[in-house]
Every structure is written in C-alpha cells, then in structure tokens.
Amino acid sequence: MCHKKTIIACYIGYIVQAISNNFAPLLFLILQAQYQIPLTRITMLISVNFTIQMLTAAASALFVDRIGYRAAAVTAHGCTAAGLVCLALLPDRMGTPFIGILIAVALYAVGGGILEVIISPISEACPAGNSAYAMNILHSFYSWGSAGVIVLSTVFLRVTGNGSWQLLSLLWALLPIVNGIAFLKLPIASPVKENQSNMSIPELLTEKGFWELLLLMLCTGASEQAVCQWASAFAEKGLGVSKVLGDIAGPAMFVACMGLARVMHAQLCRTRPLNRLMFYSSCFCVLSYFLIGVIQQPFTNLLGMACCGFSIGIMWPGVFTRSALLIKRGGTAMFALLALSGDLGCAIGPTFAGYMAGLKGADLRFGITCSICFPILLTIGAWRQLLK
C-alpha cells in the first residue's frame, strides 16, 4: 500500500516538471543579452524542449516497465537537476555558450518527459476514495508550481538583479535532488493489478475509444498553450505594462486559475459525473477564447485569459482519469501515449496561433481568435464522452 509520503512526492514531482518547463523561458532575454545569442536561436529552445519531451514520453512506453517506476522516477529527477546545474555552469565554460544551454535544456527535457509519464500512474496506484479527485489535486500542483516558478523567479531577479540568474538555477536544482532521493525509499505500487498484464501499444491503438481520448489530449494541450505561451506578450501589448507585470498578469494568472479550477473540480467530482464537468468546462473554454480574441477591451482580454486557465484546468487530469476508468489495463503505454498526444498539442497550439498572428502583422488577437478551433474540437470530444 502506498503511503501519504508517496503522494506528496508525486505532488513535488509535478512542481519539478513545472520548473523544467517554465524557468528557462524567463531567462531568454537575459541569455540573449549576456551571450549575444540571436533571438531566433534562443526561442528555438522551446521547440527543443517540447520535442525531446515528446520523444522521451514515447520511449517511456518501452523502458519504464522494464526498469521499474522507482528507477524511472530517480532518473527523471536526476536529469532535471543535472539540466538546471548545467544551465548555470556550462554556458560560461564552453567556447559556444549556446551549446551549453542546449545541453542543459536537453537534460531537463528528458527528466520532464519521464515525469509526465510516470507521476500520474504512480499516484493512480495509491489507494484513494475518488480517483478523479486525487488526479485533479495532483495536477493542480503543476499549476501551483508553474505560478510559483514564474512569480518567485521574477521577484528574485528583480531584487538581486539579472546577474544572479545562475544562482537561481542552482537553487531550483535543489528540489529535484531532494525529491529524487526521497523516491529511492518511498513505497511504489504497480498501476496494474497483479492478476492483469499491461496492454501493448498495438493493443491500445485498436482499443475502441482510445483515439478519441488521444484527440481530447491533443486539443487540451493546444487550447492551453495557444493562450499560455502568448499570455505575457499579449498582456504587455494590451496593457502597455512592464515585463515583470506582464509575466504576473499573463502566464502566472493563467496557471493560478488553472490550479484553482483543479482544486474546485476535485471537490465537485465527489458528487458530479466527471464527463459532465469536462463538457461544461470545454464550453467555457470556447467562451474564454471569445473574450480574448473578439472583444477589443484590455480588461476583458485579461479576464478571458484567466477564464481560459480556469476552464482548461480539469481537462488534462480529466482525460487521464477517464482513460484509467475506461481502459483498465492501459498501464504505462497508455499514460505515455496520452502524454505524447498532449505534448504534441502543446507544440501545435502556440505555433498555430503565432503563425496566424504573423499573417496579420503580429496581431496576437487574430492568432488566438483563429485558435478557437481547438476548444471547439475539445467541446465535441467532451460531448462524445458525455454520451458514454
């Protein structure tokens, strides 16, 4: 039986993943100025991070069951810590600073990719009265972690100066180190019952309804990141505020509302069907895109970003929970493919929004308006789940 300490370690695991996804982008302009790296190469790091995470998630379906969840958890935390340490040390110690940064990003991307696959099934295997409740609370820690990384890093650099970013990277590395050590001894149960066997990837792909769940994950990732990745720039442009306030009013507010939604839905899932909550949330997501993209009023646009974070909050953990309920033997392969689909959506959403914005002279409002296709597809998929 899993202890409460294992659940706490899973919570911290999602905070660690939030560090790997949100810390480096806060340093892009600092890195560009310090090492004279072209902005095109700096922003390429986002694509490298998501691509490696997707590849790692896909590979996890093949190696996690072989090496075990404990070894995978320790490896993931070790890679994340190594990436953050390398980010602080390598650029100044290599002839080409960008190569050092790239190595660091690759390391923590591997860690983030493994964590994305294993944390949910480890938590799912722990006894809980309501799996939807437990999954929402678990995933809320990614949101709280993201908000914490953004706000604390912004305040730290504001107080100590941009030159202390390397110290900050080393400080953030302490969390995965401590949590990785904890996973060495914590009890970890198998997500599949002893009398059952995990489904293979070919079996999963022939499972009725699994493709719908994959599409839901893709649209969830796209709907989330099409707004989140552009939230800071949109806030700065719409309100004319500084980068510090833009980061707090944009992405930090978005992920904070997402975390709040997950905590609230965790309570609601005790008494209300999960598929109905997912459908209502997806409809609200369409409305939030309307508030961001169609109505040309800055306060309403910011309200729309907050509503988008709130509306999309339940979808990622909701799809994980629905999948575990509908496909009992899905195991590692199922969580890996769901994570892969979600990451693919995370890459497609902001790319599509940025491309469409570029067609109208960098008009982010137009780009986000065009991206409303993702929450619309999400609503259709959630409606399908409502019929089951």
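Reader: Why is arginine 384 called partly exposed?

Author: Keep in mind that this is a predicted model. Arginine 384 has a relative accessible area of 41%. Buried means under 20% and exposed means over 50%, so arginine 384 lands in between and counts as partly exposed.

Reader: And glutamate 212, what makes that one partly exposed?

Author: Its relative accessible area is 25%. That value also sits between the 20% and 50% cut-offs, so glutamate 212 is partly exposed.

Reader: How do you know that arginine 384 forms a salt bridge with glutamate 212?

Author: Look at the closest N and O atoms of the pair: they are 2.7 Å apart. The cut-off is 4 Å, so the pair qualifies as a salt bridge. The structure holds 1 salt bridge.

Reader: Which parts does the pair tie together?

Author: Arginine 384 lies in helix H17 (residues 373-386), while glutamate 212 lies in helix H9 (residues 210-228), so the pair links parts that are 172 residues apart in sequence.

Reader: Let's move on to another residue. Is asparagine 49 buried or exposed, and how do you know?

Author: Asparagine 49 has 6% relative accessibility. Buried means under 20%, so asparagine 49 counts as buried. You'll find asparagine 49 in helix H3.

Reader: What does asparagine 49 touch?

Author: Leaving out residues up to four places away in sequence, asparagine 49 touches Ser20, Asn21, Val105, Tyr108 and Ala109.

Reader: What makes glutamine 36 exposed?

Author: Its relative accessible area is 62%. Glutamine 36 is in the loop between helix H2 (28-35) and helix H3 (39-67). Check its backbone too: phi of glutamine 36 is near 50°, a positive value in a residue other than glycine.

Reader: Why are H12 and H14 called roughly antiparallel?

Author: The axes of helix H12 (residues 274-293) and helix H14 (residues 315-326) cross at roughly 150°. Angles over 145 degrees count as roughly antiparallel, so that is the name H12 and H14 get. Their axes come within 10 Å, and H12 passes H14 in a left-handed crossing.

Reader: Which residues meet there?

Author: From H12 there are Leu274, Asn275, Met278 and Ser281, and they meet Met315, Gly318, Val319, Thr321 and Arg322 in H14. Sorted by class, this contact has 4 nonpolar, 4 polar and 1 charged residues.

Conventions
Residues are numbered from 1 along each chain as its sequence is written. This is a predicted model: local features need pLDDT of at least 70, side-chain atom pairs count only at pLDDT 80 or more; totals for chains, interfaces and linings use all residues. Side-chain values use heavy atoms; hydrogens and water are left out. A salt bridge is a side-chain nitrogen of Lys or Arg within 4 Å of a carboxyl oxygen of Asp or Glu. Helices (H or I, at least four residues) and strands (E, at least two) are DSSP runs, numbered from the N terminus. Buried means under 20% relative accessible area, exposed over 50%, partly exposed in between (1.4 Å probe, protein chains only). Axes are lines fitted to C-alpha atoms, for helices over the stretch in contact, and angles run from 0 to 180 degrees between N-to-C directions. Angles under 35 degrees count as roughly parallel, over 145 as roughly antiparallel, 65 to 115 as roughly perpendicular and the rest as oblique. A crossing is left-handed if the near helix is turned anticlockwise from the far one by less than a right angle, and right-handed if clockwise. Contact means heavy atoms within 4.5 Å. Ala, Val, Leu, Ile, Met, Phe, Trp, Tyr, Cys and Pro count as nonpolar, Asp, Glu, Lys and Arg as charged, and the others, Gly among them, as polar.
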